[in-house]
Amino acid sequence: NKTLVITGAASGIGAATAAHCAALGARVLCVDMRPPARQHAGFFQADLSDPAAIDRLVAELPAGIDGLANIAGLPPTRPAADVLKVNLLGLRHLTLGLLPKLADGASIVNLASLAGFEWPQALPAIQASEDLDFAAVPAFCERFGIHGARSYFFSKEALIAWTLRHRWSWRARGIRMNAVSPGPVDTPILQDFIETLGERAEEDMRIMDRPGRADDIAPVVAFLLSDGAAWIRGTNVPVDGGMHAHILAQIH
Ligand code: NAI
């Protein structure tokens with residue numbers, strides 16, 4: 001049975017993914033800043049906005065991890081620097097720190113978002129963010145005008161670009177990485193997105209028929225973590241009731 005580390009496991013998509021993978025027989029290790037209702041094979045408390053806390057977490061986790069699902073994230077209504085730290089810097093810090101503990105052939109899945117869809121437009125900032133340090137976040141946000149909700153969009157744009165860029169960085173060990181990009185999903189932070197999108201939210205909901213459910217996303221993450229997805233790498237999979245296609249169809 002596979003050993004999987006799932007961050008954000010206390011709520012929403014992370015909790016659903018943990019439950020789904022456990023039901024498939026995986027040994028699920030939950031990571032979050034607060035304890036999940038279901039802790040599965042174990043719970044590790046960590047603040048993923050803090051590099052020292054992430055280093056401690058990496059030290060506590062066992063070796064031989066077959067899959068890492070980076071699902072923890074903050075919504076666009078939270079302070080810009082915090083959003084960038086959790087959604088991008090913390091995720092990268094954990095992933096890179098955990099590499100020595102990943103088994104050969106391991107799969108990494110990053111929860112991005114439809115909000116990151118326009119990532120190529122942000123390339124200069126994305127390139128500048130590649131080595132961005134936690135302490136330099138306020139100066140970085142100032143330099144690239146990343147304020148308010150823009151931080152959420154940017155964090156997901158940069159995450160998709162990072163996932164594509166490192167699709168095969170750990171090729172010698174067969175470790176691969178992919179992203180999943182949901183449209184609005186009915187979790188505790190759905191209202192944050194509706195607030196951020198304003199009038200557009202209503203139109204989007206009409207196109208998608210309904211908001212997503214955490215259980216619409218969990219099986220996709222589980223599949224990408226599985227051996228069945230062994231030849232999928234550097235992909236960003238939209239799970240959004242057709243929203244991605246709708247935007248593309250308008251452009252082309
Ligand atoms: P949620 O708020 O239900 O769950 C997020 C989890 O992350 C929570 O358990 C929270 O405690 C944890 N978390 C937040 N900051 C943390 C930190 N500093 N350290 C450790 N854990 C932390 O949200 P949801 O909807 O399940 O979101 C999961 C992921 O899916 C996020 O990355 C989000 O950006 C992404 N997403 C969500 C969408 C939605 O509409 N709900 C749409 C597209 C992407």
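The structure is a predicted model, in which local features need pLDDT of at least 70 and side-chain atom pairs count only at pLDDT 80 or more, while totals for chains, interfaces and linings use all residues. Residues are numbered from 1 along each chain as its sequence is written, and side-chain values use heavy atoms, with hydrogens and water left out.

The chain contains 10 helices and seven strands; these are DSSP runs, with helices (H or I) of at least four residues and strands (E) of at least two, numbered from the N terminus. Its C-alpha atoms fill a box of roughly 45 × 40 × 35 Å along the principal axes. The radius of gyration is 17 Å, which agrees with the value near 18 Å that a compact globule of 252 residues would have; the radius is taken over C-alpha atoms, and the globule rule is 2.2 Å times the number of residues to the power 0.38.

Of the 252 residues, 51% are buried, where buried means under 20% relative accessible area, as computed with a 1.4 Å probe and protein chains only. Contacts are defined by heavy atoms within 4.5 Å. Among contacts between residues at least 6 apart in sequence, 72% join residues at least 24 apart.

In soluble globular proteins, nonpolar side chains tend to be buried together. Here the largest nonpolar core has 43 residues, and Leu84 and Phe154 have the most contacts inside it. Such a core is a set of buried Ala, Val, Leu, Ile, Met, Phe, Trp, Tyr and Cys residues joined through side-chain atoms within 4.5 Å. Beyond four places in sequence, Phe154 touches Leu84, Leu88, Ala122, Ala125, Ile126, Ser129, Phe140 and Ile146.

Glu157 belongs to helix H6, which spans residues 150-165. With 4% relative accessibility, Glu157 counts as buried. Leaving aside neighbours within four places in sequence, Glu157 is in contact with Ala115, Gly116, Glu118, Trp119, Ala122, Ile126 and Arg150.

Ala229 lies in the loop between helix H9 (214-225) and strand E7 (236-239). Not counting residues up to four places away in sequence, Ala229 touches Arg176, Phe223 and Leu224. Ala229 and Ser107 are separated by 122 residues in sequence, with 8.9 Å between their C-alpha atoms.

Technical notes. Buried means under 20% relative accessible area, exposed over 50%, partly exposed in between (1.4 Å probe, protein chains only).
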